[in-house]
Every structure is written in C-alpha cells, then in structure tokens.
Amino acid sequence: MPIDPNFEQNREKVDEENGVAVWGPVDPPEEQGIHGTHVAVDYDICIADGACLEDCPVDVFTWVDTPDHPTSELKVEPTHEDQCIDCMLCVDVCPVDAIDVDPGRAGRI
Ligand code: SF4
C-alpha cells in the first residue's frame with residue numbers, strides 16, 4: 001500500500017527527529033510512522049532500497065537506523081527537505097511508493 005498523500009489530515013504530528021516531523025501512529029520498533037512534511041517518507045513502507053538517496057539532485061535524504069523494523073533496518077530520512085526542488089525523482093524511483101512530495105505542505109507546521 002502506498003504512502004497516504006493526505007497524511008496531514010489523517011494523522012497527528014507526534015514527534016520531531018533531527019528537525020523532521022514524525023506523523024503517528026508510532027510504536028517502535030515495529031511502527032515508525034511517516035517522517036517529513038514537504039518530503040514525506042512512510043517508514044513502515046520503506047525497504048531501504050536507496051534509489052531516492054542516490055538520485056536526489058540536492059541530497060535531501062540521509063540514512064537512519066531503525067533496528068528490528070519488519071521491512072528494513074535502515075530508512076531514508078528527508079533530513080534536508082527544505083532544499084527540495086520538487087523534481088519528483090524520488091517519488092518516481094521508489095519501488096514501494098513510500099515517498100510523497102508536495103510543496104504545498106511546506107512550512108504548514
Ligand atoms: S523531489 Fe527531487 S529534490 Fe525533492 S527530495 Fe525528491 S529527489 Fe530530492
């Protein structure tokens with residue numbers, strides 16, 4: 001199942017990690033939620049494929065550890081989402097549709 005593009009309406013912001021919003025529910029290590037707002041990654045879908053991190057022209061993503069998560073023990077955090085230029089490459093290359101990019105969401109929290 002792909003990331004919910006309406007997560008802002010359907011989820012609550014429950015935390016912040018490295019300056020990146022976390023949208024619940026969160027129940028680690030199994031449930032990690034969606035991380036980011038302008039550039040959002042559903043950690044519960046992400047399989048740590050890494051294509052987004054390699055292809056992003058402005059290096060938005062960094063690896064973070066998520067030990068004992070069922071789909072992968074690494075995730076891509078949109079650490080520098082404020083640098084995103086909305087090229088949509090990461091959305092296109094993600095094999096499991098874990099990423100949603102919407103410039104309209106920037107700065108709304
Ligand atoms: S939309 Fe483009 S610039 Fe923005 S995070 Fe994805 S790959 Fe990087």
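Contact here means heavy atoms within 4.5 Å. The model is predicted, so local features need pLDDT of at least 70, side-chain atom pairs count only at pLDDT 80 or more, and totals for chains, interfaces and linings use all residues. Residues are numbered from 1 along each chain as its sequence is written, and side-chain values use heavy atoms, with hydrogens and water left out.

The UniProt annotation "binding site", from an unreviewed entry, covers His35. UniProt positions follow the numbering used here, feature names are shortened, and annotations may be inferred rather than shown by experiment. His35 is placed in strand S3 (residues 34-35). Strands (E, at least two residues) and helices (H or I, at least four) are DSSP runs, numbered from the N terminus. The relative accessible area of His35 is 2%, so His35 is buried. Buried means under 20% relative accessible area, exposed means over 50%, and partly exposed lies in between (1.4 Å probe, protein chains only). Neighbours within four places in sequence aside, His35 is in contact with Glu17, Val20, Ala21, Val22, Ala40, Val41, Tyr43 and Pro78. The side chain of His35 also reaches the backbone oxygen of Gln32, at 2.9 Å.

The cysteines follow. UniProt places the feature "binding site" (unreviewed entry) at Cys56, Cys84, Cys87 and Cys90. These residues are spread over 35 residues of sequence, yet they cluster in space, with a largest C-alpha distance of 10.5 Å. Cys84 lies in the loop between strand S6 (74-77) and helix H3 (89-93). Its relative accessibility is 17%, so Cys84 counts as buried. Leaving aside neighbours within four places in sequence, Cys84 is in contact with His38, Val39, Val58, Val60 and Val101. Cys90 sits in helix H3. Cys90 counts as buried because its relative accessibility is 11%. Residues up to four places away in sequence not counted, Cys90 touches Cys52, Phe61, Ile99 and Val101.

Aromatic rings were also examined. A pair of such rings is described by the distance of the centres and the angle of the planes. Rings of Phe, Tyr and Trp (its six-membered ring) pair if their centres lie within 6.5 Å; planes under 30 degrees apart count as stacked, over 60 as edge-to-face and the rest as tilted. A search of the whole structure finds one aromatic pair. Phe7 and Trp23 form this edge-to-face pair, at 5.3 Å centre to centre and 75° between the planes. The pair links distant parts of the chain, 16 residues apart: Phe7 is in helix H1 (residues 7-10) and Trp23 in strand S2 (residues 20-23). Both Phe7 and Trp23 are buried.

Key
Polar contact = N/O pair within 3.5 Å; in protein donor to acceptor, adjacent residues only side chain to side chain.
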